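Trainee: I would like a close look at one part of this model. Please take me through the surroundings of the ligand.

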Amino acid sequence: MARVVIFSGAGISAESGLSTFRDTGGLWEKYRIEEICQAGCLSWNRENTLVFYDARRAQLGDVVPNAAHEAIAKLQQRYPKDIAIITQNVDDLFERAGCKDVLHLHGFLPNLRCEKCSSTQAVGYEKQERSLTCKVCSGSLRPDIVFFGDPAPMYQYLYEAMEDCKCLIIIGSSGNVVGMDHFAKSIKHSILNNLEKSSAIDEKVYTKVIYKKATEAIDEIVKDIEFFLKA
Ligand code: NAD
């Protein structure tokens, strides 16, 4: 029953060196979504898709959590029952910073997932061995990533978490993939932190808006959350 939901997107990991999708220099300037991140691309463009995620995994192994991930981990350690961490990110930077029970809405890059039975197995930052099969049912494996158009089974837990949420924090999400404005409208305390305005977000529905790098905004955000929790 966490009263505070910290919901994040690619922007929180940008300062660790992982590209966002939509910002200038982001991944969509270099790759086409429909070729490597659209339901079905594993059937018609399998090798290129696997190569793309092999590269993402290798890159993830070379970066470290930043001050925003770390401050959130410390906050969760102080208030374990009150803080839910929900992310659209597929990286493991929250976990490496010490966060627990992170809900990954769009999959988890250090895992592979069975295309037949959906069980997952850890591969860390390694390349996906093409001959590797599922340990449970011998089905073929794919990156554990929710592609556009794929089912997103974890969304149900987002909706459940939002039922208890009294303080919503959004960090580093343009709102293009998952819109949170409708939740923010009915929540008394909410903070939006991005680098700049997004056409997919109505900033008026947030009680505080901070356009700054996450690592620069995080102390103020943590202070506000603690103020809310102690009130
Ligand atoms: P997005 O790329 O659409 O938007 C990024 C947002 O972060 C923008 O609003 C931008 O202003 C903000 N931002 C950029 N740098 C920031 C910083 N230093 N501090 C604070 N804010 C910053 O990202 P999205 O809304 O998460 O949607 C894209 C999808 O891409 C998500 O589904 C996500 O799963 C996926 N993605 C994940 C990763 C990752 O796991 N690290 C990386 C790229 C994309």
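Mentor: First, the classes: Ala, Val, Leu, Ile, Met, Phe, Trp, Tyr, Cys and Pro count as nonpolar, Asp, Glu, Lys and Arg as charged, and the others, including Gly, as polar. The model is predicted. On that scheme, the shell around the ligand has eight nonpolar, 13 polar and seven charged residues.

In total, 28 residues surround the ligand. Gln88, Val90, Asp91, His106 and Ser174 are the closest. Where does the shell come from? Helix α1 (residues 10-14) gives the largest share, four residues. Domain 1 (4-16 + 64-106 + 151-230) and domain 2 (19-62 + 109-145) each supply at least three residues of the shell.

Now the polar contacts. Ser174 is one of the closest residues. A polar side-chain atom of Ser174 is 2.6 Å from an oxygen atom of the ligand. Ser173 also uses its side chain: a polar atom there lies 2.8 Å from a ligand oxygen. Gly172 uses its backbone instead, with a polar atom 3.2 Å from an oxygen atom of the ligand. These pairs count as polar contacts because their N or O atoms lie within 3.5 Å.

How much of the ligand does the protein cover? On its own, the ligand has 860 Å² of accessible area, and the protein covers 94% of that.

Technical notes
Residues numbered from 1 in each chain as written. Predicted model: local features only at pLDDT ≥ 70, side-chain atom pairs only at ≥ 80, totals over all residues. Heavy atoms only, no water. Near = heavy atom within 4 Å. Polar contact = N/O pair within 3.5 Å; in protein donor to acceptor, adjacent residues only side chain to side chain. Areas by Shrake-Rupley, 256 points an atom, 1.4 Å probe, with all protein chains shown as cover. Helix = DSSP H or I, 4+ residues; strand = E, 2+ residues; numbered from the N terminus. Domains from an automatic or database assignment.
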